[in-house]
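Student: Could we go through this chain together? I would like to start with single residues and then move on to the overall fold.

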Amino acid sequence: MRRREFLAVAGASLGAAASLAVAAPRARAAARPQDAAPARLKGRIHHSVCRWCYGGIPLDELCVQAKAMGIGSIEILDEPDWAVVQKHGLTCAMANGPGSIPDGWNRAEHHDALVRRSEELLPRLAAAGLPSMIVFSGNRAGQPEAEGVRQCIAGLRRIAPLAEKLGVNVQLEILNSKVDHGDYDFDHMRYGADVIEGVGSPRVKILYDIYHAQIMEGDVIATIRAHKDRIGHFHTGGVPGRHEIDATQELNYTAVCRAIAETGFTGFVAQEFVPTRDPLTSLREAIAICDV
């Protein structure tokens, strides 16, 4: 899966942690109730989970378990997997989009290929009834930041009209360049805000990854409130380490999710942490933490 490959390139230790996290015996997962009614949640947060964190669990099984927890989406999927989650009554709130983490929209030489791929993907997403695809700024590679912003604006403007016509969101993700993705361009919120304002489309938004943002800038709740109209999706992860979002790490995700709900946000909050113990137990606990 592409995202897991990118993260492995950024840090072999994270890849090793993911391998350990998904090694829980399948028999133990299979022993859990498979046909239980979905959990009754408060409904202020729409829950999703990133597939790559649970790669050792077959997708069909993950769908069953996630649905029983009240999760409505499994995301960061390529097209062949969209029908699998839909078969279980779930959606894919964030599909894989064009490009990669290091090679994104911040360089003019990438635009033609990214636009072609976007023009293929956006109609397929719309036909499948899926709301969003993820995109990346790309790495700096010596280019001044202002030029990266300018190129992201120019490239994303080329696909914004099609996204608007089809009703599909294009979401530019903030990542940290300090720990996981050295040299990534969109590593602070001002960059993303400038891009979104420059594109000027209601269908081009920021994917605010709370884990990455905490590492780079902190001040998460105030940032969410200040940029509520620019943010279209959220990812979680414990800091440090991108593991469970419980009391072992520094963020108060209950307070963060309460702030998200108070903005009137109607999109998805996706769990994207690498579990260090039984993956489904950790996921269930994370949903309880975020169910405000």
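Student: Is H212 buried or exposed?
Tutor: In this predicted model, H212 counts as buried, because its relative accessibility is 1% and the cut-off for buried is under 20%.

Student: Where does H212 sit, and what is it in contact with?
Tutor: H212 belongs to helix α9, residues 210–216. Leaving aside neighbours within four places in sequence, H212 is in contact with I174, L175, N176, D180, H181 and R242.

Student: How far is H212 from P240?
Tutor: In sequence the two are 28 residues apart, and in space H212 and P240 are 9.9 Å apart, C-alpha to C-alpha.

Student: What about S137, buried or exposed?
Tutor: S137 is buried, since its relative accessible area is 0%. This serine lies in the loop between β4 and α7.

Student: Which residues does S137 contact?
Tutor: Apart from neighbours within four places in sequence, the contacts of S137 are G104, W105, N106, C152, L172, Y184, D185, F186 and Y191.

Student: Now A127, please: buried or exposed?
Tutor: A127 is exposed, because its relative accessible area is 70% and the cut-off for exposed is over 50%. A127 lies in helix α6. Its C-alpha is 8.9 Å from that of L166, although A127 and L166 are 39 residues apart in sequence.

Student: Staying with α6, which of its residues are buried?
Tutor: The buried residues of α6 are H110, H111, L114, V115, S118, L121, L122 and L125.

Student: How does the end-to-end distance of α6 compare with what its residue count predicts?
Tutor: It agrees: at 1.5 Å a residue, the 21 residues of α6 (108–128) should span 30 Å, and the end C-alpha atoms are 30 Å apart.

Student: And what comes just after α6?
Tutor: Just after α6 comes G129, which takes a positive phi of about 75°.

Student: Changing topic, how are the strands arranged?
Tutor: The 8 strands form an open sheet with parallel pairing, in the order β2-β1-β8-β7-β6-β5-β4-β3. The edge strands are β2 (73–75) and β3 (95–96), each of which pairs on one side only.

Student: Which helices lie on the sheet?
Tutor: Among them, helix α12 (279–290) packs on the sheet and touches β1 and β8, its direction making about 145° with that of β8. Helix α7 (145–166) lies across β4 (132–135), β5 (169–173) and β6 (204–209), and runs at about 145° to β5.

Student: Tell me about β8. Which strands does it pair with?
Tutor: Strand β1 (46–50) pairs with β8 in the parallel sense over 4 bridges, and S48 stands opposite A270. Strand β7 (231–235) also runs parallel to β8 and is joined to it by 2 bridges. There, F234 has V269 as its bridge partner.

Student: Are the faces of β8 covered or open?
Tutor: Both faces are covered. F268 and A270 are buried on one side, and V269 and Q271 are buried on the other. In a regular strand the side chains alternate between the two faces of the sheet.

Student: Which residues touch the most others in the largest nonpolar core?
Tutor: I74 and Y208 touch the most other members of that core, which has 85 residues. The largest share of the core, 7 residues, comes from α7.

Student: What does I74 contact?
Tutor: Setting aside neighbours within four places in sequence, I74 contacts residues including S48, V49, R51, L59, L62 and C63. A66, V85, L90, T91, C92 and A93 are also in contact with I74.

Student: Finally, how much of the chain is buried?
Tutor: Of its 292 residues, 57% count as buried. The secondary structure comes to 12 helices and 8 strands.

Terms used:
Residues are numbered from 1 along each chain as its sequence is written. This is a predicted model: local features need pLDDT of at least 70, side-chain atom pairs count only at pLDDT 80 or more; totals for chains, interfaces and linings use all residues. Side-chain values use heavy atoms; hydrogens and water are left out. Buried means under 20% relative accessible area, exposed over 50%, partly exposed in between (1.4 Å probe, protein chains only). Two strands pair if DSSP finds at least two bridges between them. Contact means heavy atoms within 4.5 Å. Axes are lines fitted to C-alpha atoms, for helices over the stretch in contact, and angles run from 0 to 180 degrees between N-to-C directions. A nonpolar core is a set of buried Ala, Val, Leu, Ile, Met, Phe, Trp, Tyr and Cys residues joined through side-chain atoms within 4.5 Å. The expected span of a helix is 1.5 Å times one less than its number of residues.
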